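Here is a short briefing to read alongside the model. Have the viewer open and follow the topics in turn.

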Amino acid sequence: MKGLRVLPGGRPGRGRLYVNLPDGRAVAWYDRQANRISILADDQREAILAVLRPYLSGTVTIGPPPVPTAADLAGLALPPDADLAPNRPGETLLGELEHGPAGTRARHRLRQDLLAQQRMGDTFDALEADGWRILHCVPVPGMGRIDHLLIGPAGIFCVRTVPGRRQRAVAGDLLLAVGRAEPRPDPRWTRRAAARATRALTAQVTPALAVVDASRVEVAPTLRDIRVLQPPTAATDLTSSPTALKPPDIETLFTLARDTRTWLGPNAGRSSPAWGSPRTESGGV
């Protein structure tokens, strides 16, 4: 059938591909993670397969949509403006770089933060193949945003990302020092954010610090409640951790966490946020 269009849904490169009629109605979708095509209009099966063929790889399962779970139904009912799932790593920093302060030093710091979040975000996004669900730039009133929220077999992790700037980083109970710069209270910030997330999701959330491109990372032996991650080893560290959540629990928590209203209340919308940036000198504390 002529006029079928393939449109992406969710985060670029990772969400579904929808096949829509000219009037916008979906007649099929291709789930790239499951490598499955769900067809709603069987009389257009051949046309649907033809338009999707350039996007397919490997052995593809074709059939009617699977019976939706409660989490699926909740996700389908989620208004687009309230969905955090499409957020890219460093989403808010992109806007700050375009419309934020003009000072060279401030913009250089923003670029460092953005590159660190993007690199760490790519590492975390790759975990989706192992059953993890990832959110980026999750708003926390009064504290800015959680850089990354990971929900997977090993549990839930609230991650604050810090650029190491190819210098020695030392993580202590209260402060994180990078090179000769003044230490910042990143450990305290991520503990507070994890506590907020625990209340919002009614599930235990572990605080974590991700240090990107440091020449060396030293962790105080007394720092036991915060997970310290680095891009080369983060995936192995997380996937080798003991199992704490089953797949249905992961999907239920992800559906709850991706809803902006979980964090900002039932009236959350497109209005200007009332929380500050987490990238202040005080670290949001």
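This is a predicted model: local features need pLDDT of at least 70, side-chain atom pairs count only at pLDDT 80 or more; totals for chains, interfaces and linings use all residues.

Residues are numbered from 1 along each chain as its sequence is written, and side-chain values use heavy atoms, with hydrogens and water left out.

**Overall make-up**
- The protein has 8 helices and 13 strands (DSSP runs numbered from the N terminus: H or I of at least four residues, E of at least two).
- Of its 285 residues, 45% are buried (under 20% relative accessible area, with exposed over 50% and partly exposed in between; 1.4 Å probe, protein chains only).

**Helix H6**
- Pro231, Ala234 and Leu238 are buried in H6, which spans residues 231–239.
- These buried residues line one face of the helix, because they fall within an arc of 25° seen down its axis (taken from the directions from the helix axis to the C-beta atoms).
- Pro232 and Thr236, on the other side of H6, are exposed.

**Aromatic side chains**
- There are 2 aromatic pairs (ring centres within 6.5 Å, using the six-membered ring of Trp; planes under 30 degrees apart are stacked, over 60 edge-to-face, the rest tilted).
- Tyr18 and Trp29 are tilted, because their planes stand at 50°, with centres 6.2 Å apart.
- This pair joins strand E2 to strand E3, 11 residues apart.
- Trp132 and Phe157 are also a tilted pair, at 6.1 Å and 35°, and both are buried.
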